[in-house]
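Look at the structure first, then read on.

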Amino acid sequence: MTENLSSAPASAITPPVDERRATIILVAMALSTFLFVTVESLPSGLLTLMAPDLGRSTSEIGLLVTGYALVVLITTVPLAHWTRGVPRRWVLSACAGIAAVATLWAALAPSYEQLFAARLVTATAQALFWAAVVPATTGLFRPVVRGRVMTRLALGNSLAPVLGVPAGTWLGEHTSWRWTFAAVAALSLVVTFVVLVLFPTMKPSEGGASRAPHPSRRRFGFQMVTTGLVLTGAFGVITFVTQYFIEVTGFEQSDMARLLLLQGAAGVIGTIVVGRFIDARPVAVLLVALAVLTVALVSLWAFGEQPVAAVASLALFGFSFSCVPPALSHRVMLVAPGSTNMGVAISSSMFNVGIAAGSGLGAALVAAVDVRVVPLASAVVVLLALLVSLGEERFNPRLPGAH
């Protein structure tokens, strides 16, 4: 197994467009990530409105989220492979355009079955979008700022649960859930137009971030294990945070919206903060984020019955966890052994594996023991992720310029 830690050639790192144009594209792509994450989670906020309108139970509406996630998990890598030679301009505009049409279909769907089908089409577009957006967008910028670009893309993910889902729920409550989906479709159409007009037409292999500067199969393998572990640990808590704060901490259901807003706001702050350091210290950023995340989970378990301490722990959890996805994605862009598109696609699949494993782990613990142990078990899994990440640094050549 060959480790190539040589620097990328100058031709591969020259931005293909001017910085102003690249920034407009970045804003559009961040908006698109915001819209995809929002539309994926919208049924959770609109359960009680969608169920009676469609004549279905809330659990069946919940399956709209489950089915969506499964499609993303299954199709990401194959779609990335099949479109590996298609210019990113056409791939990203097609993803946004298909999402716009499918989300409008969902808004107009006369039946649950049609709504489900529309959701699966949107999920397919999202699967390919995740694989293409990071290499394509970061490749428009100079290498020294690509980590910061990645965190700005991640702001869309962070803002979706804080702003997108609550705003969509509010609109649905004051009009109809269908208008919420129609609004998302309209914004997706705007993104499609921006990409078609501004994105350069070039083969993926010609993009500035199409190949990692320090490809390493061994490092990439370590990172995939880290990704699966940290997402498993985090989503054990994320899935059951409402039950934990009601049964253990003593809050009411009516308090949860404010608590989750606090968690999300802390996450937005974390994403902004990590952007200041990720380019200069990609190794340290990930290690510190994993360490703080472990501390937050242990604190939540130890002080779960004390409201002030539990809320502080939740905010620390939101802050530290928001630093992890951009840090992991940045590391993939540094060491992916083949094309970065495939590296990101595999990483995205591992994210979804971790999400499913985390919710499954939490469910098993709640059923067999008690919801009180979920943060502790999650802390143990995240600690394992930290140890794997430390092992990556111990057993591999040092990345040039990385601290």
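Leaving aside residues up to four places away in sequence, Thr242 touches Gln253, Met256 and Leu260. The model behind this is predicted. Thr242 sits in helix H8, residues 217–249. Its relative accessible area is 25%. Buried would require under 20% and exposed over 50%, so Thr242 counts as partly exposed. Glu252 lies 10 residues from Thr242 along the chain, and their C-alpha atoms are 9.4 Å apart.

Now turn to a helix pair. Two packed helices are described by the angle between their axes and the distance between the axes. How do H9 and H11 cross? Their axes come within 7 Å and cross at roughly 40°. That makes H9 oblique to H11. The crossing is right-handed.

Which residues make the contact? On H9 they include Leu259, Leu262, Ala266 and Ile269. On H11 they include Leu314, Phe317, Phe319 and Pro326. The table sorts the contact by class.

| Class in the H9–H11 contact | Count |
|---|---|
| Nonpolar | 13 residues |
| Polar | 6 residues |
| Charged | no residues |

H11 itself runs from residue 307 to 335. H11 has 29 residues and spans 42 Å from its first C-alpha to its last. That is close to the 42 Å expected at 1.5 Å a residue. Is H11 largely enclosed or largely open? Of its 29 residues, 22 are buried, so H11 is largely enclosed by the rest of the structure.

How values were computed
Residues numbered from 1 in each chain as written. Predicted model: local features only at pLDDT ≥ 70, side-chain atom pairs only at ≥ 80, totals over all residues. Heavy atoms only, no water. Axes fitted to C-alpha atoms, helices over the stretch in contact; angles between N-to-C directions. Helix = DSSP H or I, 4+ residues; strand = E, 2+ residues; numbered from the N terminus. Parallel < 35°, antiparallel > 145°, perpendicular 65-115°, else oblique. Left-handed = near helix turned anticlockwise from the far one by under 90°. Contact = heavy atoms within 4.5 Å. Nonpolar A, V, L, I, M, F, W, Y, C, P; charged D, E, K, R; others polar. Expected span 1.5 Å × (residues − 1). Buried < 20%, exposed > 50% of the residue type's maximum accessible area, 1.4 Å probe, protein only.
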